[in-house]
Amino acid sequence: MANTRTVLDVEEYPDTEVQKNRVLTLEEWQEKWVNHKIAFHQERGHQLLKKHLDTFLKGEKQLRVFFPLCGKAVEMKWFADRGHSVVGVEISELGIREFFTEQNLSYSEEQIMEIPGAKVFKSSSGNISLYCCSLFDLPRANIGKFDRIWDRGALVAINPGDRKRYADIMLSLTRTGFQYLLSVFSYDPTKHAGPPFYVPDAEIKTLFGSVCDIHCLEKVDAFEERHKSWGIDYLIEKLYLFIEK
C-alpha cells in the first residue's frame with residue numbers, strides 16, 4: 001500500500017507547455033482504427049465510471065448523455081440500457097460500425113446535410129445516435145443540449161493547441177443543471193509525447209473553472225506493463241466531476 005500511496009502523491013510535472021505543439025491529424029486517428037492500434041478501448045468498460053455512476057446520474061431518468069470522441073465505448077450501451085439517450089461523435093466510421101456490431105444492435109445511417117461527407121448512425125431503438133465527423137464540425141449539425149457529458153479519451157486526445165476551442169464546444173452543449181465527468185492522466189510528459197496527452201490540474205481549471213465547480217472524485221494508479229514502452233514509470237488516472245456553478 002505504501003508504494004501505491006507514493007505513486008498517487010507524485011507532484012504534477014511543472015512545465016505545462018511541453019506538449020503544446022504536438023499535433024495528430026484526423027487521418028492518423030483513422031489509421032489507428034484500421035490497424036487495430038486501439039489500446040485505449042476498454043472492452044469491459046470504464047471501471048471508475050461504473051463505480052461513480054450513481055453520483056453521476058443522481059437517480060435522474062431519461063437524460064441526454066454526450067460522448068465526445070466516443071470510439072466504440074461499451075458505456076454507451078450502459079446508458080442506453082438505463083433509458084437514457086446517447087449521442088456520440090467519432091471520426092472513424094469503422095469504430096462506429098464496430099460498436100453497433102459488437103453490441104448486437106441494428107442501426108441505420110444517413111448523410112448530414114450541414115456537414116459535407118459526414119454521416120449519423122442511429123440505433124433502431126432510437127436512443128443511440130453516433131455522428132461520424134470531426135468534433136469541431138459537429139455544432140453545425142445542431143445536436144441540441146445535454147444533461148451529462150462523459151469525457152474519457154477525448155480531452156486527452158485533442159491536440160493541446162485545440163483545447164480551448166474544444167472546451168468551449170463542450171460547454172456550449174450543456175443544459176442547465178448539467179454534470180460533466182472527465183478522466184485525465186498524469187505522467188512525465190517529457191518522456192512520452194502523447195496521446196493520451198498530459199492535462200494538468202491548472203489547465204482544467206482554466207478551461208472549465210469559470211462555469212463549473214470542479215471536484216476530483218478519485219485518483220488511481222493506472223500504470224500497466226504496456227506503458228513501459230512509452231518510457232514512463234508512473235501513470236495516474238484522475239476522475240473529475242464538473243457541476244454547474
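User: Which residue in β5 is the bridge partner of Lys119?

Analyst: Happy to look. This is a predicted model, in which local features need pLDDT of at least 70, side-chain atom pairs count only at pLDDT 80 or more, and totals for chains, interfaces and linings use all residues. Residues are numbered from 1 along each chain as its sequence is written, and side-chain values use heavy atoms, leaving out hydrogens and water. Strands are DSSP runs of E with at least two residues, numbered from the N terminus, and two of them pair if DSSP finds at least two bridges between them. β4 (residues 119-123) pairs with β5 in the antiparallel sense over four bridges, and the β5 partner of Lys119 is Cys132.

User: In which sense do β2 and β5 pair, parallel or antiparallel?

Analyst: In β5, Cys132 is also the bridge partner of Glu90. Five bridges join β5 to β2 (residues 85-90), and their sense is parallel.

User: Are the residues of β5 that point either way buried or exposed?

Analyst: Buried means under 20% relative accessible area and exposed over 50%, with partly exposed in between (1.4 Å probe, protein chains only). Ile128, Leu130 and Cys132 point one way, while Ser129 and Tyr131 point the other.
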